[in-house]
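Q: Could you walk me through how to read this structure, one feature at a time? I would like the general idea and then the case at hand.

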Amino acid sequence: MSDFPFYKQLDQKDCGPACLRMVAKHYGRTFSAQTLREKARISKEGVSLLGLADAAEAIGFRALGAQISFEQLVEDAPLPCIVHWRQQHFVVVYEAKKARRPWASRLPFRTAEAEAGEAAGQYRSVRIADPNIGLITCPVDDFRQHWLTPQPGSEDTGVVLMLEPTEALHEQEAERNTAYSAEKILAYLWTYKRLLLQLLISILVGSGLQLLMPFLTQSVVDVGINTQNVPFLYLILAGQFLLMVGRLVNDFIKGWILLYISVRVNISILSDFFIKLMRLPVAFFDTKHFGDLLQRVNDHHRIEAFLTGQTVNVVFSCISLVIFSGALAIYSLPIFTVFILGSLLYFGWIMLFLAKRKSLDYKRFDVSARDQSMMVQLLQGMQEIKLAGAERPMRWAWERIQARLYKLQMSSLALNQYQQTGAVLLNDGKNIIILFMAAQAVVNGQLTLGQMLALQYIVGQLSSPIEQLIGFVQGFQDARISLERLNEIHAVADEESADVLPAPLTPGSTWREAHANSLQFNHVSFQYLVGEPILNQINLLIPGGKTTAIVGMSGSGKTTLLKMLLRFHDPSSGEIRLGNGALRSVSHSQWRSQCGVVMQDGFLFSDTIARNIAVGVDHIEIERLEHAVHVANLRDFIQTLPLGYHTTIGAEGNGISQGQRQRILIARAVYKDPQFIFLDEATNALDANNEAVIVERLNEFFRGRTVVVIAHRLSTVMHADQIVVLDKGSIVEAGTHAQLVATRGSYWELVKNQLELSA
C-alpha cells in the first residue's frame, strides 16, 4: 500500500480524472489524463461524480456512488475508492490504519452495541492520495471533518465512488504514446549540430586555456620569485595576459552561438506548441482556463532555458570537471579524495530537497494559473465589476490568491535557506580542510608554495562545475515537470484526424456542384456533462438554398445546435448529414471555409477594421470589402473615422459600441462569400433602423445560400422559409411564420408581445 501510484492533477479542475487514473494504475492499467477527461465529460467547472462513474465503467470498472458513514467506508467499501473531499475536490482513499485495541476491548462477552460504539476508535489514520498534494496520512478526526456532511437526526455521511475491476478493464487496448519524450526535445538541439560542434570546440579551447593558468601561477612562485628572475616574471605576465584575451574572445564567440541557438530553439518549441493548439478541437478550449494555457507557455520557456542553458553548460562543466580533477589528482591524491567525498556529500544534500521542490512547483503552477485567470477577469470585467459595486470583494478574491502565492514563496525561501545553509557548511568545510591539508603538505615539504597556490586555483575552478551540475539536476527536474504538463496538451487528438482529408473537387467543379446544400439531423442527441442532454433526438431537415430560423427560450439548445453544425462538437448519438454524405466525412477546414458565421461572443482582433473584416487574407479585395461594408451598413461609421478602414480597433485600439462590433462581425461573414451562413443573435445589439436596413440587405445576400439564423426578434425570423422551435433540447414546432402564429403554440407564446396580440 505504501507504493500506491500517484498522478498529479495538471489543471485546476482535473482532480476527478487524476483520481480515476491512480485507481486504474493500482490495478495495473495505464490511461492518459486526456482519455479520462473525455470519458468523464469534464468542463471548466470540473467533473461530477456521475461523470466519474461513467468514465470508470467505460474503462472496465464496476462503479457505485453512495453516501455512507465512516464505519461503512473503512469496514465495507472496497479500497481504493474515490471520495468527495471538502465538498469541492476528489481524493483517493487507499488504506485505513487500525489502532491497537486496549486489552479490555478484547475481553469476551462484548455486546454488539459496545463493539459498534468502538468501531470508529479502531482506526487512527486514513491514507489518501490527493492529486493536488500527494500521498498523505490523515488522522481520522481530520478525515471525518473534511469528508463527512452533517445529517440532521442521523449519522453523518460522506459521498464515495466505490470501484471494482472487471475483466473488461484488462481487455482495454494499450494507448498509443503521442507524448513528448527526451528524444523529441533533444531533436530541437540536434537541428543545430554544426553550431553545437563549434560550441564544443569553443568549450575545449576554453578549458585548455584555463588549465594553463595554475601551472603559470606555480611557475611565478617556484621559478620567478625563488630565483628572482624578473624577465621570467615579465614573460609569465605576458602569457597570462594573452590567455585572458583568448578566454574573453572564446567566451564572446560562445555567447553569440548560445544566443543564436536559444532564440531559434525557443521559436521552434513555441511554434510547435501553437501549431498543436490550433489543431485541437474547439471543445478542448471549453474545458480549459486561460491561466492554465498561459502557464504552459511559461513551461516552454523553462524547457528552452534548460536545453540551451543548463544542458550546454553541463557539457562545459563535465569537461572542466574531468580536466581539473585530473590535474588535482596529479598534485595530491589525498586532497583529490577529500574533494570528491566533500562534493558527493554536497550533491547528496541538494538531492534531499528535490521532492519538496517538485511539490512546491506543482502548487505554484496551480496558484499562478488562478492568478493569471483572475487578473484577466479583473481587467476585462472592470466595467461589470463597477456596475455591480463588487470592487472590494473582487479585490479581496485577488488578494487571497496573492496571500497563497506569498505563502508558497515563503515556503520556497525557507526550503532554499535550509538547502543553502547545509550546502555552504559542506562546501566551505571541504575547502577549509583542503586548505589545511595543502598548507600541511607545504610545511612537510610534500608541496612547494607555488604548487599550493596552483592547487587552490584548481579547487576554485572545480567549484563552478559542481554548482552547474547541481543546477542541471534542478533544471532537469523543472523541465520534467513542465514536460509532463505539456504532454497533457500533445496527447490530445487533433481535430482533423488523419483519415479525414479534404475531398478533392473535379476540375471546373464548385462546392455547390460537389455537395448538395441541405443539412439533416438524424436522431441527434448531445450532452456536455452527464445528466439531461442539451439536444434530445433531433430530427431536422435544413433545405439547401433556404433560410431556417431556430427560436426558443434561453437554454433550449439553439447555440449548441449551431456549434454542432460548425463541428465544434460531435453528436453524442445520431448523425448529421451534408447532402447524401455524413458531415463528419468532410474535413473541418474545408467545411468551415464554406461557412460564414456570426456568433454571440465573436472576437475582434487588435488590428485595422479592414483586417478585422478580411481575417487572415494576404491581399484584401477592395470590391468584396466594399460590398461587405455595404451589407453590414458600416460605411457611414467608417467614413467618420480619421483613418477609415485603417483605423485600429480591439484591445489596443479605439473603443466601439456593441452594435458597431456586431456589424463588423456581419461584414466579416459577408466578405467570406460563403455557401453556408450561420447567425447566432447577429442583430440583437442593433437599433431598429440599423436592423431593418441590415436585415433587408442580408435577405438579398442570402439568396441561393443555405442559412441558419438563431434569433429572438420577430423581424429577424419572420421571413425565414422555415422556423423551428426548440424547447428543452427537443423540437416542438416547425413551419412558416404564418402557420405557427395560426396554431397559437410555443412560437406564438414567444412572439406574442412583439406581435402585440392578446390571448
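A: Gladly. Let us start with a term: two residues are in contact when heavy atoms lie within 4.5 Å. Keep in mind that this is a predicted model.

Q: Among contacts between residues at least 6 apart in sequence, what share joins residues at least 24 apart?
A: Here that share is 75%.

Q: What is the protein built from, and how much of it is buried?
A: There are 28 helices and 18 strands. Buried residues account for 45% of the 759 in the protein. As for the accessible surface, the total is about 38,800 Å², and carbon and sulfur atoms contribute 58% of that.

Q: Now to the strands. How should I read the sheet with the order β12-β15-β16-β9-β17-β18?
A: In general, strands of a sheet pair through backbone hydrogen bonds, in either a parallel or an antiparallel way. In this case six strands make an open sheet, and the pairing is mixed. The edge positions belong to β12 (595-598) and β18 (730-735); each has a single partner strand, so one side of each lacks a neighbour in the sheet. From one strand to the next, the twist averages 15°.

Q: In which sense do β9 and β17 pair, and over how many bridges?
A: Strand β9 (residues 547-552) runs parallel to strand β17 (residues 722-727), with five bridges between them. To find one on screen, pick Ile-550: its bridge partner in β17 is Val-724.

Q: Let us turn to charges. How many salt bridges are there?
A: The general idea is that side chains of opposite charge can pair when their charged atoms come close. The cut-off used is 4 Å between a side-chain nitrogen of Lys or Arg and a carboxyl oxygen of Asp or Glu. By that rule there are twelve salt bridges.

Q: Which parts of the chain does the pair Asp-14 and Arg-37 link?
A: The two side chains form a salt bridge at 2.6 Å, N to O. Asp-14 sits in the segment before α1 (15-26), while Arg-37 belongs to helix α2 (residues 33-40), 23 residues apart. Both Asp-14 and Arg-37 are buried.

Q: Is Glu-95, the partner of Lys-97, buried or exposed?
A: Buried means under 20% relative accessible area, so Glu-95, at 18%, counts as buried. Lys-97, at 26%, counts as partly exposed. Their salt bridge spans 3.7 Å, N to O. Through shared partners, salt bridges join Glu-95, Lys-97 and Arg-127 into one network.

Notes
Residues are numbered from 1 along each chain as its sequence is written. This is a predicted model: local features need pLDDT of at least 70, side-chain atom pairs count only at pLDDT 80 or more; totals for chains, interfaces and linings use all residues. Side-chain values use heavy atoms; hydrogens and water are left out. Two strands pair if DSSP finds at least two bridges between them. Helices (H or I, at least four residues) and strands (E, at least two) are DSSP runs, numbered from the N terminus. Axes are lines fitted to C-alpha atoms, for helices over the stretch in contact, and angles run from 0 to 180 degrees between N-to-C directions. Buried means under 20% relative accessible area, exposed over 50%, partly exposed in between (1.4 Å probe, protein chains only). Accessible areas come from the Shrake-Rupley method with a 1.4 Å probe; for residues, only the protein chains shown count as cover.
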